[in-house]
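Please walk me through this structure.

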Amino acid sequence: SALVEIDLPVFNTRVSPDGFERDAITAGGGVPGQAIIVNKGDSVDIALHNQLDDPSMRRSTAIHWHGFFQARTSYADGPAFVNQCPIAPGDTFHYVFDTAGQTGSYWYHSHLSTQYCDGLRGVFIVYDPDDPQKDLYDVDDESTIITLADWYHDVAPDAQDDFLKSGTVPIPDSGLINGRGRFVGGPLVPYAVVNVEKGKRYRLRLVSIACRPFFTFSIDNHEFTAIELDGVGHDPVVAQNVDVYAAQRVSVVLNANQPVGNYWIRAPPTGGNPNGNPNFDPQLTKAILRYAGAPEVEPTTTGGPTGHKLTDAEMHPIAQEGPGKLGDGPPDIAFNLQITQPNPPFFDINGISYISPPVPVLLQIMSGAAHPMDFLPSSQVLLIEANQTIEVSIPGGGAHPFHLHGHNFDIVRTSNSDVTNYVNPARRDVVPVLGGNMTFRFKADNPGAWFLHCHIDWHLEVGLAVVFAEAPAANRAGPHAQITPDDWLALCPKYDDLD
Ligand code: C2O
């Protein structure tokens, strides 16, 4: 393990991933931004240089390292006004944290307003030289990372304004696979190509970096074997297609065992009402699987998501992950989170719409807040104490992929089933709330301030979130208290709401 120093300049750029040129925000150039790749056990020191200067989009920023637990480094988690104040234009901020043995597929994105929809997002992979599942594949490198994104021709602040006026969640103009896509009537932008050799097995890392839709991923004429959900190794399950919700990651092993040729990779984005934007045709979200020796032409294969669709209920963590380690005893606290919309487009959870407090929740904890009534604004913060087993149930009604920071969780009941599983439930950090009563459990073993929210970024911005204040007393003691940097505290007064 090593300390890996990474420079991540964040700046404005012009991009045209689907052939329509627009202003955007990039981390290191391009959309998606620079990939961050480290090895198991590494620590990182990521110097985020905020060079944003285009006033049509947010110019302050704050970045979340999605899926990392941030043990004793809650201040490096990223969400603006939960864990830190935004980084003002012209400033550099160091995110220093330990990947602490976590391995697999992660990503990073702005966690200020809806800024990541303007491009500020990229992958973050932790390779394990001794991966216990290594015998299942031959190739696993940067060439096999597959990002799934939605893309909008409007800048996010304008799209969000339209949403507030019309009540209709922004509809993307295109879907992108590895940063390439097409819209109706647009130019024939070359699709991304994934190159394979016949006879080899590839670990494809599907990473959704989307603001809204989910993607139904499949490859014509091929099946695949799923082995990872959100950084957690799972026993292999064969499927022909999988729904990848916003912010989820799935590793699948593809056996390149078909005749040499070109095959469509398909990932139509769906979710919500896709009508209403004539540019958007989900079927245009494609890429090319090309065998060595095949001509450089587009595939003519037909197909789509037929056959078995992977479900969370059939996925079980590998033995090394400790399946079912929370047991089936009663939880110490159970939260039932009811989603309502008394004042659309705003969402309430148990009667309250989340708005950012004026002082980050973590700063409030560090300066003494300990009970829900101490927090500003008070009741959006849920208190949990050290080492409690927490159960969260979210009844469905609308598709919402919920993400918990600082932890992953055991999905003891998926949304589309009444069956509970405490023995070996799927473990991940984003789970969709669909029809039924989705329930997950986690252990409060990580003091901090942790967001739980819908990962449809447009929904987060209209209040679909709560914050856990986990073990506040432990936050104020031990190494965490000593490494809270003064320059972090100094950020708050520099933040201007207009940025
Ligand atoms: Cu990937 Cu709070 O988010």
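Gly276 sits in the loop between β19 (269-270) and β20 (286-291). Strands here are DSSP runs of E, at least two residues long, and helices are runs of H or I of at least four, both numbered from the N terminus. The model is predicted: local features need pLDDT of at least 70, side-chain atom pairs count only at pLDDT 80 or more, and totals for chains, interfaces and linings use all residues. Residues are numbered from 1 along each chain as its sequence is written.

Is Gly276 buried or exposed? Gly276 is exposed, because 12 other C-beta atoms lie within 10 Å. The cut-offs are 20 or more for buried, 12 or fewer for exposed, and partly exposed in between, with C-beta atoms placed from the backbone.

Leaving aside residues up to four places away in sequence, Gly276 touches Thr168 and Ile171. Contact means C-beta atoms, placed from the backbone, within 7 Å. Ile171 is 105 residues from Gly276 in sequence, yet their C-alpha atoms are 7.6 Å apart.

Now the domains. The chain divides into domain 1 (3-130), domain 2 (142-310) and domain 3 (333-494). These bounds come from an automatic or database domain assignment. Between the C-alpha centres of domain 1 and domain 2 there are 22 Å. Across their boundary, 31 residues of domain 1 contact 33 residues of domain 2.

On the domain 1 side, β2 (22-27), β7 (104-110) and β8 (121-127) each supply at least two residues. β7 gives the largest share, five residues. By type, that side has 13 nonpolar, twelve polar and six charged residues. Nonpolar covers Ala, Val, Leu, Ile, Met, Phe, Trp, Tyr, Cys and Pro; charged covers Asp, Glu, Lys and Arg; the others, Gly among them, count as polar.

How values were computed: Contact = placed C-beta atoms within 7 Å.
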